[in-house]
Amino acid sequence: MNSAAREETFVPLLSDFPLFRGLNGEQLRFLAAECFPRSASKGFVVCEKGSFLEGFFAVRKGRVKLAVLTAEGAERVVQIVLPGDTFGEAVGLLDRPSPVYAQALCDSELLFFRADRVRAAVTRWPALGFLFLEKACERVYALYRDLEACCLQSALQRVAGFLLDNLSCGRGRLLEGAPQVVLPAGKAVVASRLNLTPETFSRELRHLVGEGVISVDRSVVHVHAPDRLQAAAAQD
């Protein structure tokens with residue numbers, strides 16, 4: 001596929017990603033010309049810890065987990081990357097080894113953007129740098145929240161906060177008519193994301209079910225009492 005074909009194929013796709021919203025046609029074509037599709041079957045390791053990416057990825061379909069392993073071999077999931085989101089920007093743009101490994105949680109379709117092309121775009125249109133600055137700030141903010149949750153919050157607070165943050169059609173805002181959460185991965189992966197054991201995660205879900213706050217139907221969590229869920233997430 002040559003550059004012209006990539007432009008025609010990928011320009012319509014890029015506007016679906018929050019990172020690229022607001023770009024004009026010329027800017028989208030410039031990035032799309034050096035955009036490369038990647039397929040990752042379930043379990044495929046997209047990048048190893050310590051590897052150099054020379055760019056970053058965007059998830060079109062599927063889900064990818066970013067994780068590290070402890071010296072004992074236990075896994076700690078740092079992030080679950082969903083469709084429309086990106087990962088690896090810091091590694092690719094700083095040209096540093098990846099601190100995590102990335103693995104597809106299901107059959108996934110990705111787009112790869114070369115760092116040199118992104119740098120050229122920012123040089124040509126300096127305002128594009130603010131898009132990456134904003135993304136970096138969002139990641140730092142999320143990191144602070146994760147540190148607070150892991151260091152200061154109880155298991156119940158973490159589970160309740162996770163459910164609030166992932167309420168469908170709201171990302172944490174309690175919108176009437178959308179009181180449910182579809183778990184983005186298996187319970188073991190979600191538990192690791194919250195720095196909990198799978199048993200603790202399941203126990204706290206059962207507690208919320210017993211209190212009538214939620215009900216669980218496989219991977220779907222129905223929220224029956226959003227105000228009480230909010231109270232559980234905020235309790236000292």
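I began with the neighbours of Phe 112: leaving out residues up to four places away in sequence, it touches Glu 34, Cys 35, Phe 36, Arg 38, Leu 53, Glu 54, Gly 55, Phe 56 and Phe 57. A reminder to myself that this is a predicted model. Phe 112 sits in strand β8, residues 108-114. I looked up its accessibility too: at 8% relative accessibility, Phe 112 counts as buried. I then checked Arg 38, whose C-alpha atom is 6.9 Å from that of Phe 112, although the two are 74 residues apart along the chain.

Next came the salt bridges, and I got a count of 13. Arg 6 and Glu 34 form one with their side chains, at 3.7 Å from N to O. Arg 6 belongs to helix α1 (residues 3-14) and Glu 34 to the loop between α2 (25-32) and β1 (35-40), so this pair ties together parts 28 residues apart in sequence. Arg 6 is buried, with a relative accessible area of 10%.

I also noted the salt bridge between Arg 124 and Glu 26, at 3.1 Å from N to O. That pair links helix α4 with helix α2, 98 residues apart. Arg 124 is partly exposed at 47% relative accessible area, and Glu 26 is partly exposed at 38%.

Last, I searched the whole structure for cavities and found 1 of 30 Å³ or more. The largest cavity holds about 50 Å³ of space. Helices α4 (115-124) and α5 (129-152) are the elements that each give two or more residues to its lining. I sorted that lining by class and got 9 nonpolar, no polar and no charged residues. Among them are Leu 19, Phe 20, Val 118 and Phe 132.

How values were computed. Residues are numbered from 1 along each chain as its sequence is written. This is a predicted model: local features need pLDDT of at least 70, side-chain atom pairs count only at pLDDT 80 or more; totals for chains, interfaces and linings use all residues. Side-chain values use heavy atoms; hydrogens and water are left out. On a 1 Å grid over the protein atoms alone, a cavity is a set of points where a 1.4 Å probe fits but cannot get out, and a pocket is an open set with protein on both sides within 12 Å along at least five of seven lines; lining residues have an atom within 4 Å of a point. Grid points are joined across faces, edges and corners, and a volume is the space filled by probe spheres set on the points. Helices (H or I, at least four residues) and strands (E, at least two) are DSSP runs, numbered from the N terminus. Ala, Val, Leu, Ile, Met, Phe, Trp, Tyr, Cys and Pro count as nonpolar, Asp, Glu, Lys and Arg as charged, and the others, Gly among them, as polar. Buried means under 20% relative accessible area, exposed over 50%, partly exposed in between (1.4 Å probe, protein chains only). Contact means heavy atoms within 4.5 Å. A salt bridge is a side-chain nitrogen of Lys or Arg within 4 Å of a carboxyl oxygen of Asp or Glu.
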